[in-house]
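Please look at the structure first.

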Amino acid sequence: MSDNTQDKTAPKNKKNNNKYAVLPLRDIVAFPYMIVPLFVGREKSVRALEHVMREDKQVLLLTQKNANKDEPDKEDLYEIGTLASILQLLKLPDGTVKVLVEGKHRVRVTKFDNSSDYFYANVESFQEEKIDSSTSDAIPGLMRATISEFEQYVKLNKKIPPEVVPTIAKIEAPSKLSDMISSHLLLKIPEKQALLEEADVGQRLESIFTFMEGEINMLEMEKNIRNRVKNQMEKTQRDYYLSEQMKAIQHELHENDEEIDDIAEIEEKISKIKLDKEVKTRVEKELRKLKQMSPMSAEATVVRNYLDWILDIPWNKRSRIKKDLKAAAAVLDSDHYGLRKVKERIIEYLAVQQRVNKMKGPILCFVGPPGVGKTSLGHSIAKATNRNFVRISLGGVRDEAEIRGHRRTYIGAMPGKIIQGMKKAKSSNPLFLLDEIDKLGNDWRGDPTSALLEVLDPEQNHTFNDHYLEVDYDLSDVMFICTANSLNLPRPLLDRMEIIRLSGYTEEEKVEIIRKHILAKQIEANGLKKDEFSISETALHDLIRYYTREAGVRNLEREISNLSRKAVKEIIINKKKKIHITPRNLKKYAGIQKFDYGRIDEKDRIGLVTGLAWTETGGDILSIEAVTHAGKGKVTMTGKLGDVMKESIQVAEMLVKSRAPSLGISIETFEEVGVHIHVPEGATPKDGPSAGIAMVTSMVSALTGIAVHKDVAMTGEVDLLGQVLPIGGLKEKLLAALRGGIKTALIPQENTKDLEEIPNNVKKAITIIPVSRIEEVLEHALIKMPEAIKPLDNDKMKDITKKTVKKMPEDVIHH
């Protein structure tokens, strides 16, 4: 036996200090006599193998101290490794190399060389200590005990193939035996490296024996635990066998697992939160199910996520509501200028909620053009009442599940936006702003507007049921406010909301908003000081009139920001101390005028009438022109007019023809003369009936040759009886008249009730005349009233009427 104690494959002295290419290893220690496949992907290592294959096919295998380092240096490698021979090398399609190596003998690195394309190392033979006479007699017994222990270890550890045991039993050399067994042990890298570096063969065998003995004890304990757990389990419980085994191991070792901590945390949350009886029953059922599942199973993740959602949303957790209405009014006034009626309605709403101490009541919906402050009003109400603010943008939402959530059967299921918003709010009585509710869509996936019916109904939302939660959630304490640009909404949804219209700001209100809010904000945003930048009031009016055309102030704020940037540039480049914007230098800083508001004509003209129009961006002046030409009584029209406006012209035509004698127009005139009506700005679509009296006035002026007052504007619908009917948008129209220099405005008699909303400065600057019949309109609009002529006898009148009816379109005759 003593002859076999030395390693016969160890290098002779003549091979000492040879230079070999180095192959760094990660997560593995190569031992002598060990045959192992390696996958090599690092460029340096691949080049080393290519070099070795051209030489003697021998490579030095050194293990990395840190497996995560992709580019190891000499300090990152152990100094003792294994010199191995390459048995087989195969290049794979992805560029990596599979190599089969066989360990030969231990070597010690004396010098590293990293100067070439790969690692080199000078090595010397690692000499094992000779077995002295005192221990040589103990070695055979130690070898037999180690082989016997290894056989027992293999029986308990199913990861090692049993075929290894006969091979190990035939080994007679103690060094080879220790290396072969070491290569099969499940040790950590430092422990394996320690075995490789151990020069004393006897000590190496003792270390291996000690490890196997401890490992066998652990494996036997694990087997006993497994058997005990298996005996306790029923047939229906076999699905969560691994989970129970894990718990039993943890109980035996007195260790806490992260999964146990998670369950304990969930149980603690359940005990602290005041859940409804139904919800608590559901949560406890899901928790019991989670305890029985393997923590790594997909179903366990779904249940855990469900419990997280249930416990994260607020249950009966209310924030303290401020009930001081004066303070609420002060907050609204400080954040928004104007909007008096809107603020009054909000304060009334808050007063009622305070008195009844419950949120049941109509849902507020702010409707108005962009930039008038709908969303910021929601912020102010939340601040005034001390409610947590949550904004949900509904623009482009098409799926009903976005509101009510997805059922848990779907992969990646989540609650809807309402429950997500409640989690974000962290209280059960927040203020929810449903922004752009008129932009909701619908398709084959469902109609989200229908899903909102339950949310916005005070009689139903106390039992709101999200598809994901599958339990009722109380939304009755939530204050819902919606915003929209138009009322293009389903009727059932409109029925659940109280509409509050924000018509936009007057020019004076915009000036005050600039002074109190926008100017200071932009000065700070652009790094200016208060005394470095200012705008005169006249320049502000010009900026509003000629550079913006909107009901709100969003574009106006952009223009102020543009002026501020120009001012900063002037101060820095030209070293100016202060920039003051006036009407004279406004064009220099703001550029050319973008808009030209309508102006009255310089003199009274025949057939030219000034009408007043309402647009989404506010009011404007609308010129209506009429001329006569040789024809047969046909009325033609141009100007991209809508169907309603075309019908309004046809009504005006019939009204003028029916009253021709009293208007000083001969019936024969319609046999010889045609009328053409044109509304300028032909590229702009125009529609609506409110230009009816202007159409009649324009036709009468053209047919009689009597001019129209240049400083008179009018608005109102007319019917075939000559009555002037009411219109909408009176405030915006009169503001447009003021901007255009109009002195007199004719409005329908029934619109006099709306004059209370008109600012006093408008009523002082314009003479507003209510009219109820077309005769009153003509009396105020024309330079002089036409003289009536004698009507035709009945026979001639009937003949002309028949000819006129034949020329009329069929749809007009039917009408």
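## Cysteines

The structure holds 0 disulfides, a disulfide being a pair of cysteine sulfur atoms within 2.5 Å. Cys365 is in no disulfide, and its nearest cysteine sulfur, that of Cys482, is 5.2 Å away. Cys482 is likewise in no disulfide. Cys365 is buried, with a relative accessible area of 0%, and Cys482 is buried with 0% too. Here buried means under 20% relative accessible area, exposed over 50% and partly exposed in between, with a 1.4 Å probe and protein chains only.

This is a predicted model, in which local features need pLDDT of at least 70, side-chain atom pairs count only at pLDDT 80 or more, and totals for chains, interfaces and linings use all residues. Residues are numbered from 1 along each chain as its sequence is written, and side-chain values use heavy atoms, with hydrogens and water left out.

## Two strand residues

Helices (H or I, at least four residues) and strands (E, at least two) are DSSP runs, numbered from the N terminus.

Contact means heavy atoms within 4.5 Å. Leaving aside neighbours within four places in sequence, Val22 is in contact with Ala48, Val59, Leu60, Leu62, Leu77, Phe119, Tyr120 and Ala121. Ser623, not counting residues up to four places away in sequence, touches Leu608, Val609, His678, Val679 and Pro680.

## Helix H3

Helix H3 (residues 138-156) has 19 residues, which at 1.5 Å a residue should span 27 Å; its end C-alpha atoms are 27 Å apart, which agrees. The expected span is 1.5 Å times one less than the number of residues. Among the buried residues of H3 are Ile139, Leu142, Met143, Thr146, Ile147 and Phe150. An α-helix has 3.6 residues a turn, so residues three or four places apart point the same way.

## The whole protein

The secondary structure comes to 30 helices and 26 strands. Of the 815 residues, 47% count as buried. Among contacts with a separation of 6 or more, 73% come from residues 24 or more positions apart.
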